[in-house]
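Subject: Structure handover

Hello,

Here is the structure for you to look over. My notes on it follow below.

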Amino acid sequence: MNWLAEAKDPGQLGPELATLRDRLHEVELEQAENPLNQARSALPSRRKRFDPSDSKARAYLETLDEMAQLQQQPEEKAQILAERVQAYPSPQALLQYGVALQQLGRHREAIEQYKRVPDEISHRHYNLCSIYWCLGDFDEALVHLLRGLARQPDTAEALFRMHQGRPVLRGGQYWERFG
């Protein structure tokens, strides 16, 4: 922009200004076509939290979820998930946001998100176990591992049966995908 102000002959700037004007128009069109911006535009401007039973809010929340899944850059993914958690802090969104923060090395923030997940959800404890293990707090990691297993006894049974070399009877979907 300095070159624009320092130009000796403003008449010679016509082509550059036309190029800048065209590029600005392209950027505005890209922003208008962005599904997240389209979903945001349907929402009330001052509200920060939304009820998923509202169809406009549901579309916005679903768009946030889709954008987060498609995002390859960890920092941008964390920003989208932060917006998702602010809009409606569901347990799944809190867990996903915590995972994104943990991947970025922002462990204390991740712990805060995991602790917002209801205590009866076992993945809360598995994720806390993981993060405390990474931080070297093995006692706290063990506490959360045991809490997770206590809240999801099928997993403990499946692990026990696998250790014995017997077929897994419960939790089959989990072990078929991740085992």
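Glutamate 109 forms a salt bridge with arginine 106, with the closest N and O atoms 2.9 Å apart. A salt bridge here is a side-chain nitrogen of Lys or Arg within 4 Å of a carboxyl oxygen of Asp or Glu.

Before the rest, the ground rules. This is a predicted model, so local features need pLDDT of at least 70 and side-chain atom pairs count only at pLDDT 80 or more, while totals for chains, interfaces and linings use all residues. Residues are numbered from 1 along each chain as its sequence is written, and side-chain values use heavy atoms, with hydrogens and water left out.

Confidence

pLDDT is the predictor's confidence in each residue, from 0 to 100. The chain averages 77. Of its residues, 64% score at least 70. Among the elements, helix α7 (residues 107-116) has the highest mean pLDDT, 95. Helix α11 (residues 172-178) has the lowest, 52.

Overall make-up

The chain has 11 helices and zero strands. Both are DSSP runs, numbered from the N terminus: helices are H or I with at least four residues, strands are E with at least two. The chain holds 179 residues, and 27% of them are buried. Buried means under 20% relative accessible area, exposed means over 50%, and partly exposed lies in between (1.4 Å probe, protein chains only). The accessible surface of the chain comes to about 12,200 Å². Carbon and sulfur atoms account for 52% of that surface. These areas come from the Shrake-Rupley method with a 1.4 Å probe; for residues, only the protein chains shown count as cover. Take the contacts between residues at least 6 apart in sequence: 32% of them join residues at least 24 apart. Contact means heavy atoms within 4.5 Å.

Salt bridges

Back to the charged pairs. The structure holds four salt bridges. Glutamate 75 and arginine 106 meet in one of them, at 3.3 Å from N to O. That pair links distant parts of the chain, 31 residues apart. Glutamate 75 lies in helix α5, and arginine 106 in the loop between α6 and α7. Leaving aside neighbours within four places in sequence, arginine 106 is in contact with Glu75 and Leu101.

Aspartate 119 and arginine 124 also meet through their side chains, at 3.0 Å from N to O. Salt bridges that share partners join Glu75, Arg106 and Glu109 into one network.

Glutamate 109 is partly exposed at 32%, and arginine 106 is partly exposed at 27%.

The other pair reads as follows. Aspartate 119 is partly exposed, at 34%. Arginine 124 counts as buried, because its relative accessibility is 12%. Arginine 124 sits in helix α8. Not counting residues up to four places away in sequence, arginine 124 touches Leu95, Tyr114, Lys115, Val117, Pro118 and Asp119.

Nonpolar core

A nonpolar core is a set of buried Ala, Val, Leu, Ile, Met, Phe, Trp, Tyr and Cys residues joined through side-chain atoms within 4.5 Å. The largest one has 24 residues. Which of them touch the most other members? They are Tyr97, Tyr114, Leu128, Ile131 and Tyr132. The elements that give two or more residues to this core are α4 (55-70), α5 (74-87), α6 (91-103), α7 and α8 (122-134). Helix α6 gives the most, with six residues.

Residues up to four places away in sequence aside, tyrosine 132 touches Ile111, Lys115, Asp137, Glu140, Ala141 and His144.

Aromatic pair

A search of the whole structure finds one aromatic pair. The rings of tryptophan 133 and phenylalanine 138 have their centres 4.5 Å apart and their planes at 65°, so the pair is edge-to-face. Rings of Phe, Tyr and Trp (its six-membered ring) pair if their centres lie within 6.5 Å; planes under 30 degrees apart count as stacked, over 60 as edge-to-face and the rest as tilted. Tryptophan 133 counts as exposed, at 54% relative accessibility. Phenylalanine 138 is partly exposed, at 45%.

Best regards
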